[in-house]
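Let's take a walk through this one, starting with a helix and then moving on to the charged side chains. Keep the viewer open as you read.

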Amino acid sequence: MNDTYGHEAGDEVLRQFSLILRDTVRKPDLVTRWGGEEFVVVAVDTFRTPQLTLTERIRQAVEAHPFRLPNGQTIHQTCSVGYAFFPFLELDPESMAWDQVLNLADGALYIAKREGRNRVCGVVPGPTLMDSPRALIAVGKDLVDPMKAGLVGLVRRDS
């Protein structure tokens with residue numbers, strides 16, 4: 001964005017993107033810019049059903065929005081969304097810290113980007129964790145790569 005249209009345009013797109021997020025999520029939810037072009041949404045009191053409703057709503061709102069640049073030009077952008085639940089394990093809420101779950105959501109975001117962008121990808125506990133929450137101890141709670149964790153059944157895709 002910045003290379004093509006300049007930093008002022010990039011800043012304006014981020015500003016409009018943040019407004020889309022604010023208007024798309026519910027009032028009690030928290031939206032924050034995490035760094036660069038990444039944002040974090042903390043959706044409180046959600047059910048552990050697939051979050052494709054909220055995340056897909058965000059993706060569609062960005063895709064449909066005409067971003068007006070400072071020079072008057074209008075462009076269209078897309079976004080990719082990664083998500084995970086916190087606590088990650090309902091029956092063992094202290095098994096993973098919030099930053100570990102955030103790393104899982106970030107890993108899901110990169111999966112969405114790798115698969116073609118403009119997508120939603122989430123991760124939820126896989127069969128190994130559902131059968132034995134203590135399986136996290138075996139990996140030292142260093143769960144940061146959903147692709148690797150999925151290979152051993154620790155997580156699975158939710159999208």
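Start with helix α2, where Ala 9, Gly 10, Glu 12, Val 13, Leu 14, Gln 16, Phe 17, Ile 20, Leu 21 and Thr 24 are buried. Buried here means under 20% relative accessible area, exposed means over 50%, and partly exposed is anything in between, using a 1.4 Å probe and protein chains only. The helix covers residues 7-24, 18 residues in total, and runs 25 Å from its first C-alpha to its last, close to the 26 Å expected at 1.5 Å a residue. That expected span is 1.5 Å times one less than the number of residues. Helices (H or I, at least four residues) and strands (E, at least two) are DSSP runs numbered from the N terminus.

A word on what you're looking at: this is a predicted model, with local features needing pLDDT of at least 70 and side-chain atom pairs counting only at pLDDT 80 or more, while totals for chains, interfaces and linings use all residues. Residues are numbered from 1 along each chain as its sequence is written, and side-chain values use heavy atoms, with hydrogens and water left out.

Now for the charges. The structure has six salt bridges, each being a side-chain nitrogen of Lys or Arg within 4 Å of a carboxyl oxygen of Asp or Glu. One of them pairs Arg 22 with Asp 23 at 3.3 Å, N to O, and Asp 23 is exposed at 57% relative accessible area. Another joins Asp 29 and Arg 26 at 2.6 Å, N to O. In that pair, Asp 29 is buried at 9%, whereas Arg 26 is partly exposed at 35%.

Next up is Glu 37, whose side chain meets that of Lys 113 in a salt bridge at 3.9 Å, N to O. Glu 37 sits in the loop between β1 (30-35) and β2 (38-42) and Lys 113 in helix α4 (residues 98-114), so the pair ties together parts that are 76 residues apart in sequence. Glu 37 is exposed, with 55% relative accessible area, while Lys 113 is partly exposed at 21%.

Arg 59 belongs to helix α3 (residues 52-64) and is buried, with a relative accessible area of 11%. Setting aside neighbours within four places in sequence, Arg 59 is in contact (heavy atoms within 4.5 Å) with Cys 79, Asn 118, Arg 119 and Val 120.
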